[in-house]
There are 2 protein chains.
Amino acid sequence: MEEECRPVLNTGLRGLVIADTRISDVQGAAGKLIYRGYLIQDLANTTSFEEVAYLLLFEKLPNAAELKGFKEQLTAERDIPPEVITALKTRPKDAVVMDILQAGVPLLAHHDPDVTDQSMEAAIRMATRLIAKFPTIIAAWDRIRNGKEPLKPSPNLDHAANFLYMLKGKEPDEEDGRFMDTCLVLHAEHSFNASTFAAREVASTRAHIYAAVAAAVGSLSGELHGGANMRVMEMLSEIGSVDKVEAYVNQQFDAGRKIFGLGHAVYDTDDPRAHILAPMSKRMGERVGDTRWYEMSQLLEKTGKAEFKKRKGKDIYVNVDFYSASLYYAMGIPIDLFTPVFAISRISGWTAHVIEEYFAGAAPKPMLYRPESEYIGDYCGPDVCEFEPLQERG
Amino acid sequence: MEEECRPVLNTGLRGLVIADTRISDVQGAAGKLIYRGYLIQDLANTTSFEEVAYLLLFEKLPNAAELKGFKEQLTAERDIPPEVITALKTRPKDAVVMDILQAGVPLLAHHDPDVTDQSMEAAIRMATRLIAKFPTIIAAWDRIRNGKEPLKPSPNLDHAANFLYMLKGKEPDEEDGRFMDTCLVLHAEHSFNASTFAAREVASTRAHIYAAVAAAVGSLSGELHGGANMRVMEMLSEIGSVDKVEAYVNQQFDAGRKIFGLGHAVYDTDDPRAHILAPMSKRMGERVGDTRWYEMSQLLEKTGKAEFKKRKGKDIYVNVDFYSASLYYAMGIPIDLFTPVFAISRISGWTAHVIEEYFAGAAPKPMLYRPESEYIGDYCGPDVCEFEPLQERG
């Protein structure tokens, strides 16, 4: 085991290599993202989400027969139990959607006969169910909160297209389905990001995969993580038009505030996924006859980067949330579903990581994550406090 | 910031001091546990859970007026919304109880008007609600799964006694209430254990306190963490009688297996809480006229320690789960509620840590936890894999 010397106190584990993984590689300096050996650029326009989910779970790209079998499994597992729909109908219509999803995960666990089975086969069955059901639970909730009855999944549609169908009540055309599919491929996996780390941390206690995934959903709901794509769109709405972009950039930097979608904890380049999403955002804007959000994003990127360089003497880069915001908006996804859509994709990476946490092979077995803390509670100086009974306390 | 040199790869962050905290100190070598300046031994038989929860949240033991106010707040917040009861009634009666609790946390969030308020005042209000409602949701579920209607909380009873009342349908006597109260005091806080760390990890993304607590519940559900007290009782049931203890110890060690309740990641002594719990287990056994489980535990401790020393040449110690198992059992708590009862107590520590994660004062601001991983995916040797279209894959 190697030794690392780094400042670790109150640094959020930043830069600390805590575990090995076979799942993905984020090469921050080179701007490369690799899923199980494959560059994201090679996967993004050539594979479906189902192929990528298979790759993440089974460590290889499927051949035609394997893909057919996996798609059939996913399709068969899309439905959610009617009792879960009934439970969702008790929920306040203004609930935060990520909170609905965080409840939804254990609600699904209650119906899964595999939760007490600690075998790898059971974990893969549960992972497949979670991947299959995430779109259904989110689409069902969006319809319930709008006073509509949830739609049954369509067995004739692929994973991404079926989500759009269940959400909107109408089958998407080929290009809409394909764009959603590419978004799911792009967001599927990103190594030890905060939500994945939360899932692994929970899994390390040998809690089951639903318990771990619910933790990941909670982590993704934070504005410093998955909530960022929603914040980008709120920012674009607040700016309102292309001619106000420059003033906005200056105003943010003057006030010491950041611009959502610029900057990333890991990359020292533009996020490779942003370069794939930007032309998709442009094309989708053209399709719906409103390229304003794309144009604002483009100018915001240019101005934000230049102004940051001028003020700080260093570069700042676009992250994955930057262009996904305008793209999802053009696709008619409600803003508060942006982060849940992220989850529909990332569930594939989360489950792969949970399975790796349970069953990592050759490497030294990972242990329950149990860090130490430094106690600085100087309540009674360096000593312990002398206890006073209730009656004697001032 | 100091530097640490330690092996960190695949060691579960063990021994790594990652953050400072004012909440508690676990002195593993000395066998001391300190909550905000106070030794656990000083708190255990002199304070109520309400006082300890106040101490954890507000950094001081309350005086009589403060305690009265806090108790009134807790009492006022005990009820859970009828819609949550309705949702619980949709659940399969054989669901794992910790999974019910993990769903219960976001279900409660949906009704809390403070979830989008990021102020410390809102966090403390939500923490108080969570502490108040945990007993109610667990007791309600136990009644629902047994075909009974949940009971309204009793405003005349203290926190611990009210839980026993809601669970059993009858007010506990003074000693039962006091014993439950002491158990809640003992389990309230234990620094950066796996569930607390999960809560802090989620909170570091600025997700709200319910999202963080749901992650902690998931982590606690694992058998390597909170699930251990249930495993101790299952082990005692499996052994069945005092005369079979020695054979069991030898059989476990011969097979290279461990004895649940012996050994702890942090202490190099007996857990100080075990020494408080052991006589309580004895006394409760005498009260209910069945000291078998206590006697088995006592002999198991003695034999297990001696045999471990003989075989491994080193000492092993009892942890907090060891005597809580027989105590809870004697108190008539169903075995699968042992871990949920742990959560009823630990929610006070979790919420204190989430608030510290959000608002830590003088120390360098903690950041989103985002560790790195080492990619060992050698799928195509040291290079990336060449992409093959679906039709060409073998």
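**Reading the contact between two domains**

Tutor: About 2300 Å² is buried between domain 1 and domain 2 of chain A, with carbon and sulfur atoms giving 65% of that area. Buried area is the accessible area (1.4 Å probe) that two parts lose on being put together, summed over both. A:Phe179, A:Glu223 and A:Phe338 supply 29% of what domain 1 of chain A buries against domain 2 of chain A, more than any other three residues. This is a predicted model, in which local features need pLDDT of at least 70 and side-chain atom pairs count only at pLDDT 80 or more, while totals for chains, interfaces and linings use all residues. Residues are numbered from 1 along each chain as its sequence is written, chains are lettered from A in the order in which they are written, and side-chain values use heavy atoms, without hydrogens and water.

Student: Which residues does the domain assignment of chain A give to domain 1 and domain 2?

Tutor: Domain bounds come from an automatic or database domain assignment. Here, domain 1 of chain A is 24-223 + 336-359, and domain 2 is 228-330.

Student: How many residues of domain 1 of chain A are in contact with domain 2 of chain A?

Tutor: Contact means heavy atoms within 4.5 Å. In chain A, 28 residues of domain 1 are in contact with 25 residues of domain 2.

Student: How many salt bridges are counted between domain 1 and domain 2 of chain A?

Tutor: A salt bridge is a side-chain nitrogen of Lys or Arg within 4 Å of a carboxyl oxygen of Asp or Glu. The count between these two domains of chain A is 5. A:Arg287 forms a salt bridge with A:Asp176, with the closest N and O atoms 2.9 Å apart.
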